[in-house]
Amino acid sequence: MTRTKSIQEAGNGVDWSAALSGHGPRYLQIVRFLERAMAEGHLRPGDRLPPQRDLAGQLHLDLTTVTRAYAEARGRDLIHARGALGTYISTPKVELAPIVDLSMNIPPPPASVDFTDLLRRGVEQVLTRADANMLMTYHPGGGSKADREAGAIWLAPVLGRVEPARIVTSPGAQAALAALILALTKPGDAIVTESMTYPGLLGASRQLSRRIVVADRDAHGMTPEALESAYRKEGAKVVYLNPTMQNPTTRTMPEHRRRDIARVAAKHDIQIIEDDPYWRLAEDAPPSLSHWAPGQVHYISTLSKCLTPGLRTAYVVSPDDNARIRFLAALRAATLMSTPLMTSVATQWIHDGSAIQLLEGVKNEAHARQQLAEHILTDGSQHWPAGGIHIWYELPDSWTTQALAIAARLEGLAVTSSDAFAAGSESATAIRISLGGVKDRARLGQALQRLADLIRRGPDSFEPVVI
C-alpha cells in the first residue's frame, strides 16, 4: 500500500492535499481544514487521521508543523490520540452547564490568524513603548493623541480624512450611545428608530426616561416621510440608525435613502446617532450619513464587532466642537476613561497594521460561516450580506418566535427571538442567529444542523415544560 493511499484511507477518503489553502501559518491552515471537513460532514467522530509523519510527507511540510497542527486541534477538542492506534476525530464534548450560544453577537475567531500570538506581540510592543505604571493609572477621558490618531486611521475608509481632535475614544459603543442620549436629549424627549432595532438603545432609553418613537420603514429602511412625521407629531429631534448590515435584520440602507434621510434631518436640525459597527465588514457599503448631513451626524464605530470585544474601544466623531464637548462631559459622568492597556493595544494594532490583518481574518471566517449557515438552514430561499456576523432567520408559519426559542433551549441552543429587538407593537416571526460565539466552525456546523432539524420537525415535536 502506498503512503498516499494510506493517507486517503485514514480520514474517510478526505483529500488532504487541499489542507494548505488560504493565508496564515501552515499549521493553522491544517486546523481550519479539519474544522471545515468536520462541519461539512466529510470527517466524522471516530474517523482516523493520517499519521503525522505521513501527512507531513504528502504536504511537503516539516514534521514539527504537522505536530503543532495536531496539538492545536487537540486543544480545541477536535481530535484525540489513542496511543499506537493513532489519532481520531473526537465526539463533541458533552458539557453539563454551558449551552451552545448562537445569541451573543461577537466576531468569529479570525481565519488564518494566530490570535494568541498577535495579542502577545501587541501587549509586548505596548509595554516596550509605554510606562507600565502609566497604563495602570487614571487618564483623561477621550483618549490620548496616539489613540485619536489611530481612530482617524481606522475611520478613514468610511469617513475620509477626520481630524484626530474631533475623535473621542470611548470604552465601547454602549457607553458612547448612553452618553450621546444624555448629551442630546432630556428626560421625556423622543428618540426615533425603526421597529426592529438594537436592544442596547431600548435599554438605555428606558433607564434614562426617554421615549422611543417607531418610524415606518420599507424594504430600504426608515422612510424620510416617517422621520418628518415623527418630527412634526412627536417633536423628535434625535434619530437612531444602524444603516449598514443592521442589527438584527442585516439590511443595508442604500445610498439614495441615506441621502433622503440626511436631507430631512438637515432641514429640521434633527440629530442623527449613526451606530455603524459593521461597515468595515461589509462589501461595498454606501458612505456614512455624515457625507450628506455633516452638521447632524454623531458617528459611532466600535472595534467589538469587527475585531474583538475584549479591546473595549469605540470611536465617536461629533459634528462640531460644542457637540464633542457635551458628549465628552456626558461620557465622563458615566465612565471616566477607556481601559488604558486594551485601548493601547488597539492603537498599536492600528498603527502597525495588525488590525487590518485581524479584520481580514474575521471577514474571511465570517464569510465561511455564513456560507455554512446558508447551506444548512436554507434551500436558497434566504440570503444574507457577505461578511456579516449574524443572520436574520425567518421562521416557517408553524413556529412562533417564543416557541422556537424555548424549544432551542431544550435542545441546548441559545438564539435571540425577534421580541428582543421590537421597539413597538410590530412583531416579526424571526430569530437572530449569531455566528461568532461558537469558537470552532465544526461545532457551529453541528449546532446549526441541530437547529435546522428542530425547525423542520416543527413545534409538535417537543413537549413544553408545564409548571
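Reader: In which loop is Pro-248 found?

Author: Pro-248 is found between strand 9 (238-241) and helix 11 (255-268). Helices are DSSP runs of H or I with at least four residues, strands are E runs of at least two, and both are numbered from the N terminus. The model is predicted, so local features need pLDDT of at least 70, side-chain atom pairs count only at pLDDT 80 or more, and totals for chains, interfaces and linings use all residues. Residues are numbered from 1 along each chain as its sequence is written, and side-chain values use heavy atoms, leaving out hydrogens and water.

Reader: What kind of peptide bond joins Asn-247 and Pro-248?

Author: A cis one, with omega at about 20°. Most peptide bonds are trans.

Reader: What makes the phi of Ser-112 worth a mention?

Author: Ser-112 is not a glycine, yet its phi is positive, near 60°. Most residues other than glycine have a negative phi. Ser-112 sits in the loop between strand 3 (100-101) and helix 5 (115-129).

Reader: Is Ser-112 called buried or exposed, and why?

Author: Buried means under 20% relative accessible area, exposed over 50%, and partly exposed in between, with a 1.4 Å probe and protein chains only. Ser-112 has 15% relative accessibility, so it counts as buried.

Reader: How is Arg-312 classed, and on what value?

Author: Its relative accessible area is 36%, so Arg-312 is partly exposed. Its phi is positive too, near 50°. Arg-312 belongs to the loop between strand 11 (297-302) and strand 12 (314-317).

Reader: Why is Thr-223 placed in its burial class?

Author: Thr-223 has 11% relative accessibility, so it counts as buried. It lies in the loop between strand 8 (221-222) and helix 10 (224-234). Contact means heavy atoms within 4.5 Å. Leaving out residues up to four places away in sequence, Thr-223 touches Asp-216, Arg-217, Asp-218, Arg-257 and Ile-261.

Reader: How do you know whether Met-38 is buried or exposed?

Author: Its relative accessible area is 6%, so Met-38 is buried. Met-38 is part of helix 2 (residues 26-39). Beyond four places in sequence, its contacts are Leu-43, Leu-78, Ile-89, Ala-442 and Arg-443. Arg-443 is 405 residues from Met-38 in sequence, but the two C-alpha atoms are 8.4 Å apart.

Reader: Which residues touch the most other members of the largest nonpolar core?

Author: Trp-154 and Leu-307 do, in a core of 55 residues. A nonpolar core is a set of buried Ala, Val, Leu, Ile, Met, Phe, Trp, Tyr and Cys residues joined through side-chain atoms within 4.5 Å. Beyond four places in sequence, the contacts of Trp-154 include Leu-303, Leu-307, Tyr-315, Ile-350 and Leu-359. Apart from this core lies another, of 27 residues, among them Trp-399, Ile-431, Ile-433 and Ala-452. In soluble globular proteins, nonpolar side chains tend to be buried together.

Reader: What makes helix 8 oblique to helix 9?

Author: Their axes come within 10 Å and cross at roughly 45°. That angle makes the pair oblique. Axes are lines fitted to C-alpha atoms, for helices over the stretch in contact, with angles from 0 to 180 degrees between N-to-C directions. Angles under 35 degrees are roughly parallel, over 145 roughly antiparallel, 65 to 115 roughly perpendicular, and the rest oblique. Helix 8 spans residues 173-184 and helix 9 spans residues 199-207.

Reader: Which residues make the contact of helix 8 with helix 9?

Author: Helix 8 brings Gln-174, Leu-177 and Ile-181, while helix 9 brings Gly-200, Leu-201, Ala-204 and Ser-205. By class, four are nonpolar, three polar and none charged. Ala, Val, Leu, Ile, Met, Phe, Trp, Tyr, Cys and Pro count as nonpolar, Asp, Glu, Lys and Arg as charged, and the others, Gly among them, as polar.

Reader: How are helix 13 and helix 14 oriented to each other, and why?

Author: The axes of helix 13 (residues 340-352) and helix 14 (residues 354-377) cross at roughly 90° and come within 5 Å. Helix 13 and helix 14 are therefore roughly perpendicular. Trp-349, Ile-350 and Asp-352 of helix 13 contact Ser-354, Ala-355 and Leu-358 of helix 14. Four of these residues are nonpolar, one is polar and one charged.

Reader: Why are helix 14 and helix 16 called roughly parallel?

Author: Helix 14 and helix 16 (residues 441-457) pack at about 30°, with axes 9 Å apart. They are therefore roughly parallel. Among the residues that meet are Leu-372 and Ile-376 of helix 14 and Leu-448 and Ala-452 of helix 16. The contact divides into eight nonpolar, two polar and four charged residues.
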